[in-house]
Amino acid sequence: MKYLLRHLQVFFHTLGDICRHPVPTLLTVMVLGITLSLPMGLYLLTHNLELVSSEWQGKPQATVYLKKSASDQDVARLDNWFSTQRSWIENVRFVKADEALQEFKFLSGLGQALDVLGENPLPNMFILDMPETLPVADYQDELTQLEQDESVEQLKYDLEWVQRLQAILNLAQRTVWMVAGLLGIGALLIISNTMRLSIANKKDEITIINRIGATNTFIRRPFLYTGFIQGLLGALLAWGLIQAGLNWLNEPVQRLADLYASDYKLVGLPMLWVLAILLTGGLLGWLASWVTVSRHLAKLYPSK
Amino acid sequence: MIEFKHVFKRYPTGLDALKGLSFEISKDEMVFLTGHSGAGKSTLLKLITLVERATRGVITVNGSDLMSLPRRKIPFHRRDIGVVYQDHKLLNDRTVFDNVALPLIVAGEPHRELSRRVRAALDKVGLLGKEKMYPLALSGGEQQRVGIARAVVNRPPILLADEPTGNLDPELSEEIMDLFYMFNQHNVTVLIATHDLQLLGRYGKRVLQLYEGQLIDGFKYHQTA
Ligand SMILES: Nc1ncnc2c1ncn2[C@@H]1O[C@H](COP(=O)(O)OP(=O)(O)OP(=O)(O)O)[C@@H](O)[C@H]1O
Ligand SMILES: [Mg+2]
């Protein structure tokens, strides 16, 4: 109980100290906040990229527009042929001209304007999904064959760029992970250096208190609290920065998502993560102070 | 109270600061330590507070054998010794009160005792009423008194001073020396390192004279005035 009381005393005394001289703490906290926010922000970026690319079924697709003249038998014949091509076709969807028009009206927002055309300008079509891992070259011949079929008006496919994008996303993700990792290490170094500097200013004070008969535990305690509080505030600031960044980006992202008819939303940090980050910030501050003060204290004791 | 037997101190630089010192200071005694610059006065005081360890010999202070005192016990050993420095060594960003209270806080004194004892110490050195001031706002003599108040606030049985009057004019020096004399009257063992030979004469106390790390036979200045 008495022990707890003493800890509380030091804790509030430390808080008081910080309030009395806020500038150095503010600077330290800002350095910590910004350094911590970089790896955290980058992590969020990859996390969001991952979500985008998985939500948006990054599968290669081909659209087979049929001739107006194509009969139901032609459709059945093609459908049959598709079912023999399972090695490169994952999924087949037949879209009737009417459905296609409805969908187009809805997505384009042109709506009734299209009614004046009288006749439906869209043909029947097949939509084919191809496996994303299969190289286009493996089914290039089949596509050519399909394109030349008598009932096919046009074959449209965007295959390479989907795969390229996929590859680019993978690369981007790895790069970001790497940079986030480096920035994380950088944050650690900056935190310990910041603590080292703030303790360097107090060397005389530490020496004097040591000469008066303070134990190492006693001398360390306020520094540990300061380190903890500064680390905590730094992590809090980092979180605030990231949240502000997310808010700032949210509107344009929403607009972009709307344009792609996606209900994609930017994800922020989950609460558990926030807690973990705050705690980590505090512990890092604590640890960095412990190491620096202890190293200085070791010098204060005599050797033979 | 303080006993040295054949004490040697060699610094890591290879310099022998103390060469075979032996002396004894009994309880409630007041002793002056003099000698030329570099004679080893500060070194001797540092051995007593375990800021430095002796290389060889036996040192006994207040009943404990310093040669075998483990590091973790050093803080507690230091609490029994008040030290006054030439340059005060005060914390300039804390008030006079906080500076004087520091040894009590360090020793874990209960909070309600603090105020009373700090005031008592400040009263003895004649600084009552300056508790809220910061050290740099005080004169040199006053700062030295704060240092003395801090050294005696937890009533240590031993009081050491390393040239406590080195930066003061003769009149102030006398006042400071009188303070030490007063504490000695109140059963504190006092050891003062000083250059100020003229001042010593007033008190008629034993003088240890160091010369190049060795003691010249102890002698006594007799009251002249
Ligand atoms: N930490 C140290 N490392 C190496 N040599 C030291 C150290 N401290 C003191 N010395 C040397 O030991 C000798 C005695 O020094 P000390 O400080 O004890 O002298 P002093 O009598 O207090 O002198 P002064 O009157 O100038 O204060 C000097 O030659 C000094 O240079
Ligand atoms: Mg000296």
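Let me begin with chain B: for its 225 residues a compact globule would have a radius of gyration near 17 Å, and chain B has 17 Å, which agrees; the radius here is taken over C-alpha atoms, and the globule rule is 2.2 Å times the number of residues to the power 0.38. What we are looking at is a predicted model, in which local features need pLDDT of at least 70 and side-chain atom pairs count only at pLDDT 80 or more, while totals for chains, interfaces and linings use all residues. Residues are numbered from 1 along each chain as its sequence is written, chains are lettered from A and ligands numbered from 1 in the order in which they are written, and side-chain values use heavy atoms, with hydrogens and water left out.

Staying with chain B, its C-alpha trace spans about 45 × 45 × 30 Å along the principal axes, and the chain has seven helices and ten strands, these being DSSP runs numbered from the N terminus, with helices as H or I of at least four residues and strands as E of at least two.

Chain A gives another picture. A compact globule of 304 residues would have a radius of gyration near 19 Å, but chain A has 32 Å, and its C-alpha atoms fill a box of roughly 100 × 45 × 30 Å along the principal axes. The domain assignment, which is automatic or from a database, gives domain 1 as 2-56 + 163-300 and domain 2 as 61-158, and the C-alpha centres of these two domains of chain A lie 53 Å apart. Chain A holds nine helices and four strands, in the order α-α-β-α-β-α-β-α-β-α-α-α-α along the sequence.

Now to the interface. Chain B contributes 26 residues to the contact and chain A contributes 18 residues, where contact means heavy atoms within 4.5 Å. The buried area between chain B and chain A is about 2,000 Å², with 62% of it from carbon and sulfur atoms; that is the accessible area (1.4 Å probe) that two parts lose on being put together, summed over both. On the chain B side, R71(B), R78(B) and V106(B) lose the most area to chain A, together 26% of what that side buries.

How many salt bridges are there between chain B and chain A? The count is one, taking a salt bridge as a side-chain nitrogen of Lys or Arg within 4 Å of a carboxyl oxygen of Asp or Glu, and it joins the side chains of R94(B) and E205(A) at 2.4 Å, N to O. In chain B, α2 (74-78) and α3 (96-106) each supply at least two residues of the side that touches chain A.

Finally, within chain A, E251(A) forms a salt bridge with R255(A), the closest N and O atoms being 2.9 Å apart; because they are four residues apart in helix α8 (residues 216-259) of chain A, E251(A) and R255(A) are separated by about one helical turn.
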